[in-house]
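Please look through the sequence and the structure before reading on.

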Amino acid sequence: MSLQAVRYSRGKLEVLDQLRLPHEFHYDAVTTRKDAFDSIASMRVRGAPAIAIVASLGLAVELHNAGPGVPGAASAADAVAHIDDALDYLKTSRPTAVDLSNAIDRLKTCTREAAAASSSSSPDDIVRAFVDEAEAIFERDLQTNLAIGEHGAEWLRAQGSAAAAGGSSNDKTMSVLTHCNTGSLATSGHGTALGIIRTLRDKKLLRHAFCTETRPYNQGSRLTAFELVYEGIPATLITDSMAAALFRTRGAEANLAAVIVGADRVVRNGDTANKIGTYQLAVLARHHGVRFVVAAPTTSIDLATRTGDGIKIEERKPEELTQVTGAVIRDDGTVDEAAPKVRVATADQRIGVWNPAFDVTPAEYIDAVVTEKGVVERGADGVFDFSHIMPERWAAVVGKEEEEQRANRARLGAKFGTAVRADTGAPGTL
Ligand code: MRU
């Protein structure tokens, strides 16, 4: 059976405590928005899609179990306002991943639609609409990941075929390197980047998967390595600092075809925020002629932010660098499951620390963004164009912005009787 970060049935949510992995399997009951917030903020659940799912379902459980109706809400409008407050609170749990904001926008839209559907809409109707939409977010995520796996594996197969054209080898298998955790534990199942690796394996296209440790919080060694072993995928763990040596010394022999990573936020031009250490891998991949692929559902794409400069990067506490918690190893090298976990110092506790949880990889280093709607390759202008895979959101966000700019230019032109720049209002080119 595949690993599950989230177990849900209506009125009941259990979330796997990933801080205890890989040594203990413990599910926390999440019954309120506060439980959901704490689970996310303390990183008991991680990964952009899983965070959005736990926030949505956590509130769904609270609302469902408090019913009928919404405490203190006399009308549908009161219920919408009550839910808005709860969603705004959940949005502050972690700032970088955009899936949470996108899920919140969808949930707010659906409660408004339910309120507008009839003049007799009740608080109960609003809760029902909310719970249905939260469950749909959860269910859609799995289908999304399966589609990402399929598109990504086929795209990589096609790249391999193109490279091999004219060559004599019949071996179509490839190796890949991944960073952080993007598998079943970071999503509703299958995974994004790890989903592509799973699908490559299923299609007998995978020779070997390498995964980084992903310092400082070790999502790679604690979670991805665990998932790879659990799934029986041929894999090797390396430290983040070994990537360059891997490319140089084992790249050709392993047919290292791609680095595949997930994303916490892909912005309009394709700049991508992902776990710290992603950017250096992209630069190394380019240097060594290895493809660099981002696997991300369209819910991780943020069209409202134009470039990576607009992404807020979460900074986390120093202890993530200076201490580590783990299981006790017996003298014979085996894990002592019964012994309490211990926390040890890995640095002088007085040292100053900088701990950004994510970095931004510029679009120019990314070859392809694999979504559930298909693969978008970087354009000749060095950036990505997502308009054709998400035309409605593109029209709602980018189209609206362009319309406002045109109106602004026309207004300023009429006022000053001359061409003016829309951004500064100074005389210039329209
Ligand atoms: O800080 P985390 O553990 O939540 O970071 C997770 C990552 O950066 C993942 O690579 C990313 O969210 C992609 S999840 C499919």
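D336 is found in strand 14, which covers residues 335–336; helices (H or I, at least four residues) and strands (E, at least two) are DSSP runs, numbered from the N terminus. This is a predicted model, in which local features need pLDDT of at least 70 and side-chain atom pairs count only at pLDDT 80 or more, while totals for chains, interfaces and linings use all residues. Residues are numbered from 1 along each chain as its sequence is written, and side-chain values use heavy atoms, with hydrogens and water left out.

D336 counts as buried because its relative accessible area is 19%, and the cut-offs are under 20% for buried, over 50% for exposed and partly exposed in between, with a 1.4 Å probe and protein chains only. The side chain of D336 also reaches the backbone nitrogen of A338 at 3.2 Å. Such a polar contact is a pair of N or O atoms within 3.5 Å; within protein, one must be able to donate a hydrogen and the other to accept it, and residues adjacent in sequence count only if both atoms are side-chain atoms.

V283 has its place in helix 9, residues 278–287, and V283 is partly exposed because its relative accessible area is 34%. F25 is found in the loop between strand 2 (12–16) and strand 3 (27–29), and with 45% relative accessibility F25 counts as partly exposed too.

What surrounds the ligand? Of the 17 residues around the ligand, R94, Q219, D264, N274 and K275 come nearest, where a residue is near a molecule if one of its heavy atoms lies within 4 Å of it. The residues of this shell divide into seven nonpolar, six polar and four charged; here Ala, Val, Leu, Ile, Met, Phe, Trp, Tyr, Cys and Pro count as nonpolar, Asp, Glu, Lys and Arg as charged, and the others, Gly among them, as polar. Helix 2 (48–66) and strand 9 (272–275) each supply at least two residues of the shell.
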